[in-house]
Amino acid sequence: YVRVYVLLQYRKKESNDEYILKGDLTIKDVTKPVTLKVEHTGQAKDPWGNMKAGFSINGKINRKDFGLTWNAALETGGVLVSEDVKMNIELQLIKQE
């Protein structure tokens with residue numbers, strides 16, 4: 001028996017001019033508030049005349065907060081998987097006419 005989860009879900013709750021995105025992140029049916037930093041990296045028209053905007057989105061969560069607790073000890077004394085998960089998203093949006 002294998003339980004199926006939505007792999008990752010993020011719902012925006014609020015945003016402001018400082019490019020801070022606040023929302024709820026759900027992993028394995030556990031929902032926690034997460035704050036992401038957003039940087040507008042520019043905008044331009046592509047060769048076909050479409051206006052595009054780029055954004056870099058960064059944040060960090062602790063995987064144990066979402067019930068992801070598996071790990072394995074290494075022979076060298078550490079552990080295989082870090083508790084911190086860094087999220088680095090490069091996003092490109094196209095303006096619809």
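Student: Which side chain makes a polar contact with the side chain of Thr-26?

Tutor: In this predicted model, the partner is the side chain of Thr-31, at 2.7 Å.

Student: What makes the pair Thr-26 and Thr-31 a polar contact?

Tutor: The term covers N or O atoms within 3.5 Å, one able to donate a hydrogen and the other to accept it. The side chains of Thr-26 and Thr-31 are 2.7 Å apart, so the pair meets the distance limit.

Student: Why is Thr-26 called buried?

Tutor: Its relative accessible area is 16%. Buried means under 20%, so Thr-26 qualifies.

Student: Where in the chain is Thr-26 placed?

Tutor: Thr-26 belongs to strand β2, residues 20-27. The C-alpha of Thr-26 is 7.9 Å from that of Phe-66, although 40 residues separate the two in sequence.

Student: How many helices and strands does the chain have?

Tutor: There are zero helices and five strands, in the order β-β-β-β-β from the N terminus.

Student: How much of the chain is buried?

Tutor: Buried residues are 20% of the 97 in the chain. The chain exposes about 7900 Å², with 52% of that supplied by carbon and sulfur atoms.

Notes: Residues are numbered from 1 along each chain as its sequence is written. This is a predicted model: local features need pLDDT of at least 70, side-chain atom pairs count only at pLDDT 80 or more; totals for chains, interfaces and linings use all residues. Side-chain values use heavy atoms; hydrogens and water are left out. Helices (H or I, at least four residues) and strands (E, at least two) are DSSP runs, numbered from the N terminus. Buried means under 20% relative accessible area, exposed over 50%, partly exposed in between (1.4 Å probe, protein chains only). Accessible areas come from the Shrake-Rupley method with a 1.4 Å probe; for residues, only the protein chains shown count as cover.
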